[in-house]
Amino acid sequence: MKIKYDRQVDVLRITLKEAMITESDEETPGMILDFDQNGNVVGIEILQASQHIDNPEAIEYSISPSVLASSKHVPD
């Protein structure tokens, strides 16, 4: 996953998966979803991001502790 904010055009782009985009749809004004050939969402664009996000240049990322616990590998 990649997140990029372009301050010059005030667009936040979230790439969920590197795939060819075959269709884009503005689900709600200012929110564009990009789809691959199978209809899966592979990207999200937020237009005029600074009007919708408190600080589009700051990212907080966390992983749920329960996800971490279930993904630990136990050696044989």
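Predicted model: local features only at pLDDT ≥ 70, side-chain atom pairs only at ≥ 80, totals over all residues.
Visitor: How many helices and strands does the chain have?

Guide: The chain holds one helix and five strands. Along the sequence the pattern reads β-β-β-β-β-α. Of its 76 residues, 24% count as buried.

Visitor: Why is Asp34 called buried?

Guide: Buried means under 20% relative accessible area. Asp34 has 2%, so Asp34 counts as buried.

Visitor: Which residue forms a salt bridge with Asp34?

Guide: Arg13 does. The closest N and O atoms are 2.6 Å apart. A salt bridge needs a side-chain nitrogen of Lys or Arg within 4 Å of a carboxyl oxygen of Asp or Glu, so the pair qualifies. Arg13 sits in strand 2 and Asp34 in strand 4 (residues 31–35). The two are 21 residues apart, and the pair links distant parts of the chain.

Visitor: How many salt bridges does the structure hold?

Guide: Three. One of them joins Glu18 and Lys2, with the closest N and O atoms 3.2 Å apart. That distance is within 4 Å, so the label holds.

Visitor: What makes the pair of Glu18 and Lys2 a tie between parts of the chain?

Guide: Their places in the sequence. Glu18 lies in the loop between strand 2 (11–15) and strand 3, and Lys2 lies in strand 1 (residues 2–6). The parts are 16 residues apart in sequence, so the pair ties them together. Both Glu18 and Lys2 are exposed.

Visitor: How do you know that Glu57 and Arg7 form a salt bridge?

Guide: Their closest N and O atoms are 2.9 Å apart. The cut-off is 4 Å, so this pair counts. Glu57 lies in the loop between strand 5 (41–47) and helix 1 (65–70), and Arg7 in the loop between strand 1 and strand 2. Those parts are 50 residues apart in sequence, so the pair ties them together.

Visitor: Which residues form the negative surface patch?

Guide: Glu23, Asp25, Glu26 and Glu27 form it.

Visitor: Which residues make the nonpolar surface patch?

Guide: Met1, Ile3, Leu16, Val41, Ile59, Tyr61 and Ile63. The patch covers about 720 Å². Met1 belongs to the segment before strand 1. Its relative accessibility is 64%, so Met1 counts as exposed.

Visitor: How do you know that strand 1 and strand 2 pair?

Guide: Pairing takes at least two bridges. Five bridges join these antiparallel strands, so they pair. Tyr5, for example, has Leu12 in strand 2 as its bridge partner.

Visitor: What makes strand 2 and strand 5 a pair?

Guide: Five bridges again, in the antiparallel sense.

Visitor: Why is strand 2 called mostly covered?

Guide: Four of its five residues are buried. Buried means under 20% relative accessible area, so those four fall below that cut-off.

Visitor: What is the phi of Asp10?

Guide: Near 55 degrees, a positive value in a residue other than glycine. Most residues other than glycine have a negative phi. Asp10 sits in the hairpin of strand 1 and strand 2, which has four residues between the strands. Its relative accessible area is 13%, under the 20% cut-off, so Asp10 is buried.

Visitor: Where is Gln48, and is its phi positive or negative?

Guide: Gln48 lies in the loop between strand 5 and helix 1. Its phi is positive, near 50 degrees. Relative accessibility is 45%, so Gln48 counts as partly exposed.

Note on methods. Residues numbered from 1 in each chain as written. Heavy atoms only, no water. Patch = residues over 30% accessible without salt bridge, like charges linked within 9 Å, V, L, I, M, F, W, Y side chains within 5 Å. Areas by Shrake-Rupley, 256 points an atom, 1.4 Å probe, with all protein chains shown as cover. Lys, Arg positive; Asp, Glu negative; His and termini not counted. Charge placed at Lys NZ, Arg CZ, Asp CG, Glu CD. Buried < 20%, exposed > 50% of the residue type's maximum accessible area, 1.4 Å probe, protein only.
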